Amino acid sequence: MAVDDDLFEKMRVELRRGSLVLAVLGALREERYGYTLRQSLEEAGLPIDEGALYPLLRRLEAQGLLTSEWREDAKRTKRFYRLSSVGVETLAQLLGEWNAISESILRLTEKDK
């Protein structure tokens, strides 16, 4: 039985959505502006459209996980983002949860081999 491409794509998008939150938090341990954040995610194999990235950044900031400030850089005004202290703690907790989930999935899928 072949995998339904449409179903797979929907499930892949759902899986990536949560993963991108963790990736963005991890990448923002170092201060970045939107374009360089997007580049670093793409280089790591997690491309994200601007139309998805900026709303995500605004939501994470509203949740208190990020701080941002406008600054001039290379004669242009850019918004720089970084983790807040709550964001640092939340990232650590989420990474622990991610690792536990990953280990559980590996145990479950290795049983079938």
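Is Ser40 buried or exposed? The tour returns to this residue after a view of the whole model, which is a predicted one.

**The whole protein**

Begin with the entire chain in a cartoon display. The protein contains 4 helices and 3 strands, and from the N terminus their order is α-β-α-α-β-β-α. The radius of gyration is 17 Å, well over the 13 Å that the globule rule gives for 113 residues, so the protein is more spread out than a compact globule. Along the principal axes, the C-alpha atoms occupy a box of roughly 55 × 30 × 25 Å.

Next, display the surface. The protein exposes about 8200 Å², and 54% of that area is supplied by carbon and sulfur atoms. Of the 113 residues, 27% are buried. If contacts between residues at least 6 apart in sequence are considered, 46% of them join residues at least 24 apart.

**Helices H2 and H3**

Select residues 34-43, which form helix H2, and residues 50-62, which form helix H3. The two helices pack at an angle of about 115°, and their axes are 11 Å apart. Their crossing is right-handed.

Now show the side chains at this contact. On H2, select Gly34, Tyr35, Leu37, Arg38 and Leu41; on H3, select Glu50, Leu53, Tyr54 and Leu57. Sorted by class, the contact comprises 6 nonpolar, 1 polar and 2 charged residues.

**Ser40**

Remain on helix H2 and select Ser40, which is located there. The opening question can now be settled: Ser40 has a relative accessible area of 16%. Because buried means under 20% relative accessible area, Ser40 counts as buried.

**Pro47**

Finally, follow the chain into the loop between H2 and H3, where Pro47 lies. How accessible is Pro47, and what is its class? Its relative accessibility is 41%, and Pro47 therefore counts as partly exposed.

Select Arg16, Leu41 and Glu42 alongside Pro47. These residues are in contact with Pro47 when its neighbours within four places in sequence are left aside. Leu41 also belongs to the H2 side of the contact with H3.

How values were computed: Residues numbered from 1 in each chain as written. Predicted model: local features only at pLDDT ≥ 70, side-chain atom pairs only at ≥ 80, totals over all residues. Heavy atoms only, no water. Axes fitted to C-alpha atoms, helices over the stretch in contact; angles between N-to-C directions. Left-handed = near helix turned anticlockwise from the far one by under 90°. Contact = heavy atoms within 4.5 Å. Nonpolar A, V, L, I, M, F, W, Y, C, P; charged D, E, K, R; others polar. Rg over C-alpha atoms; globule rule 2.2 N^0.38 Å. Buried < 20%, exposed > 50% of the residue type's maximum accessible area, 1.4 Å probe, protein only. Areas by Shrake-Rupley, 256 points an atom, 1.4 Å probe, with all protein chains shown as cover.
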